[in-house]
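User: Happy to have you here! Could you walk me through how the helices pack and what the pocket looks like in this one?

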Amino acid sequence: MIANYHTHTWRCMHATGTEREYVEHAIAGGLKILGFSDHTPMPYADGHVSGVKMRLDQLEDYVDTVLRLKEEYKNEIEIHLGLEVEYYPAYFEELLRITGQYPIEYYLLAQHFLGNETGERFTGEPTDDPERLKRYCRQAGEAMETGCFTYFAHPDLLNFTGEDRVYEECMRGLCKHAKKMDIPLEINFLGIWDRRHYPNPKFWKIAGEVGNQVIFGADAHQPDKVWNPEALRVALQMVEMYHLNVIDTAQLRRPQRMK
């Protein structure tokens, strides 16, 4: 593993450590590329404030901090500036306008909530409702159609406990769409080491059969997790078991405002 594009900072309110500590741990672990992709601020309506994202007034400091480290460590590691972004139709165009004022190099797609977040449950909560699964796949598919996302982080986050047949049908469609749009799918290391419901073997079996490109992502919320040999070992076992097509580095897509 030479690259990790999924790295958070303290601004999201559920990560610890300084940006410099993440960089130093990445170098010590042998990474050649480190991408910061903290949870994006959102231009929510009605003054809503998320408890798990940086605020809009923190974005400039986030950008400046990463760019300073990018220059300081340019001879030791390649650093990139990104954001982890939910596709919320009501806010997406405005988000593109706001982030377009900065040299953001990439978005990672991560659909933690459906709709526009408010009034919705976390997609990681168990559900046996087929319509909720279908909504997840539709919304993620619409996100991919924008052309703004570099890869899909923890695509198996939707925690469906219903019929396997329904899951297989919906997720196969999602995987086929990701392949058509040339968007890699992430095996998420946070899910591995924290023993979450993802990575989901049923999902990765489908991805192997479809032939999706697959990339590893640390989803680091602590500096020592930016390089995680034990999670890597498990991920490599998954690659072998499901015959996954792993890529070492991502082709960054700079998010552009939609026409």
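This is a predicted model: local features need pLDDT of at least 70, side-chain atom pairs count only at pLDDT 80 or more; totals for chains, interfaces and linings use all residues.

User: Is the crossing of H5 and H7 left-handed or right-handed, and how many charged residues does the contact have?

Analyst: The crossing is right-handed. Residues of H5 in the contact include Asp164, Glu168 and Arg172, and H7 brings Lys202, Phe203 and Glu209, among others. By class, the contact has seven nonpolar residues, no polar ones, and a charged count of seven.

User: How do H4 and H5 pack, parallel or perpendicular?

Analyst: Helix H4 (residues 130-145) has its axis 10 Å from that of H5, at an angle of about 0 degrees. An angle under 35 degrees meets the cut-off, so H4 is roughly parallel to H5.

User: Which class do twelve residues of the contact of H4 with H5 belong to?

Analyst: Among the residues that meet there are Leu133, Tyr136 and Met144 in H4, and Val166, Cys170 and Leu174 in H5. Two residues of this contact are polar and two are charged, while the twelve are nonpolar.

User: Which residues are closest to the centre of the largest pocket?

Analyst: This pocket has a volume of about 300 Å³. Its lining divides into seven nonpolar, eight polar and six charged residues. Of the 21 lining residues, the closest to the centre are His14, His39, His112, Arg196 and His221.

Notes:
Residues are numbered from 1 along each chain as its sequence is written. Side-chain values use heavy atoms; hydrogens and water are left out. A crossing is left-handed if the near helix is turned anticlockwise from the far one by less than a right angle, and right-handed if clockwise. Helices (H or I, at least four residues) and strands (E, at least two) are DSSP runs, numbered from the N terminus. Contact means heavy atoms within 4.5 Å. Ala, Val, Leu, Ile, Met, Phe, Trp, Tyr, Cys and Pro count as nonpolar, Asp, Glu, Lys and Arg as charged, and the others, Gly among them, as polar. On a 1 Å grid over the protein atoms alone, a cavity is a set of points where a 1.4 Å probe fits but cannot get out, and a pocket is an open set with protein on both sides within 12 Å along at least five of seven lines; lining residues have an atom within 4 Å of a point. Grid points are joined across faces, edges and corners, and a volume is the space filled by probe spheres set on the points. Axes are lines fitted to C-alpha atoms, for helices over the stretch in contact, and angles run from 0 to 180 degrees between N-to-C directions. Angles under 35 degrees count as roughly parallel, over 145 as roughly antiparallel, 65 to 115 as roughly perpendicular and the rest as oblique.
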